[in-house]
Amino acid sequence: MTAAPAIALLMAVSFSLALAGEALALSEIKREELPAPGAEGVAEPEAEKGGAIPLPVEPGLETGNTEQPDAADEAQPDDPDLPLPEILTDLSLLPRPVQRMRELILEACESGDIEALRRLIGTGVDITQLSLGGIEGDPIDFLREISGDGEGHEILAILQEVLEAGYVHMDAGTPNELYVWPYFFAYPLDKLDARQRVELFRLVTAGDYEDMKAFGGYNFYRAGISPEGQWVFFVAGD
């Protein structure tokens, strides 16, 4: 073999080895810099075309609680074909734990001392929801702040009026089952009769009522208690 072909062959072999080495290096970078889907900090790939794309986690559910938001912020659907919810006033129909929690809350309201609610509000994951957007700091301080008088007396009066109204039994037989006061929260405002509007005006003004009709439902304070007697929420707002 002459020198020229030998040199050419040697160059070709060297070039092939260089390409192989480069390919190996790139494959190693891919494995190191692109860890498998599902690893910490790495998102799962999107679904194939035509498949379902996972929805983002709802705000407030990032801690692992994947249940849907409770009845605190679920307004009555504007569907004329839906049957009207049953308005309940007979307290003997309530499960005993619900009756007891309602009684304890009313006793606290009648005491005039906002601190009397502290032991009923609870702590941790079982704490009563007091705002749709969540709160920071002490829950009793929060109730004082939102009370018009600054002492919590107004909010105690509102809570008392709420729990003395009629109620509805929502989502019976499901994990979201609740007893909710007042019934206006689940009842279409345009279906209220004259007597029921008088009941509503014990809680809100005529101006509030007009605003609620424009909004599409009752959005003043409501309270919910689970069948097990947990005070789940006491909130107002849209």
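1. Basis of the note. The structure is a predicted model, in which local features need pLDDT of at least 70 and side-chain atom pairs count only at pLDDT 80 or more, while totals for chains, interfaces and linings use all residues. Residues are numbered from 1 along each chain as its sequence is written, and side-chain values use heavy atoms, with hydrogens and water left out.

2. Overall make-up. The protein has seven helices and four strands, where helices (H or I, at least four residues) and strands (E, at least two) are DSSP runs numbered from the N terminus. Read from the N terminus, the elements follow the order α-α-α-α-α-β-β-α-α-β-β. Of the 238 residues, 31% count as buried, a term that means under 20% relative accessible area, with exposed meaning over 50% and partly exposed in between (1.4 Å probe, protein chains only). The protein exposes about 15000 Å², and carbon and sulfur atoms supply 55% of that area, as given by the Shrake-Rupley method with a 1.4 Å probe, in which, for residues, only the protein chains shown count as cover. Among contacts (heavy atoms within 4.5 Å) between residues at least 6 apart in sequence, 56% join residues at least 24 apart.

3. Helices α2 and α5. Two packed helices are described by the angle between their axes and the distance between the axes. For helix α2 (residues 96-111) and helix α5 (residues 153-163), the axes come within 9 Å and cross at roughly 145°; axes here are lines fitted to C-alpha atoms, for helices over the stretch in contact, and angles run from 0 to 180 degrees between N-to-C directions. The crossing of α2 past α5 is left-handed, that is, the near helix is turned anticlockwise from the far one by less than a right angle, whereas clockwise would be right-handed. On the α2 side the meeting residues are Arg 102, Ile 105, Leu 106, Ala 108, Cys 109 and Glu 110, and on the α5 side they are Leu 156, Leu 159, Gln 160 and Leu 163. By class, this contact has seven nonpolar, one polar and two charged residues, with Ala, Val, Leu, Ile, Met, Phe, Trp, Tyr, Cys and Pro taken as nonpolar, Asp, Glu, Lys and Arg as charged, and the others, Gly among them, as polar.

4. Aromatic pairs. Nine aromatic pairs are found in a search of the whole structure; rings of Phe, Tyr and Trp (its six-membered ring) pair if their centres lie within 6.5 Å, and planes under 30 degrees apart count as stacked, over 60 as edge-to-face and the rest as tilted. One of these pairs is Phe 184 with Tyr 218, which is tilted, at 6.1 Å centre to centre and 35° between the planes. Phe 184 lies in the loop between β2 (178-181) and α6 (194-200) and Tyr 218 in the loop between α7 (206-215) and β3 (222-225), so the pair ties together parts that are 34 residues apart in sequence. Phe 184 is buried at 1% relative accessibility, and Tyr 218 is buried at 2%. The rings of Tyr 221 and Phe 234 have centres 4.8 Å apart and planes at 25°, so this pair is stacked. Tyr 221 sits in the loop between α7 and β3, and Phe 234 sits in strand β4 (residues 231-235), 13 residues apart. Ring pairs also link Tyr 183, Phe 184, Tyr 187 and Tyr 218 into a cluster.

5. Gln 196 lies in helix α6 and is buried, with a relative accessible area of 6%. Leaving aside neighbours within four places in sequence, Gln 196 is in contact with Ile 87, Tyr 183, Phe 184, Tyr 187 and Lys 191. Met 212 belongs to helix α7 and counts as buried at 3% relative accessibility. Not counting residues up to four places away in sequence, Met 212 touches Leu 189, Val 204, Gly 217, Tyr 218, Asn 219 and Phe 220.

6. Backbone points to check by eye. Most residues other than glycine have a negative phi, and most peptide bonds are trans. The peptide bond from Trp 181 to Pro 182 is cis, with omega near -15°, and Pro 182 lies in the loop between β2 and α6. Asp 171 has a positive phi, near 55°; Asp 171 is placed in the loop between β1 (168-170) and β2 and is partly exposed, with a relative accessible area of 36%.
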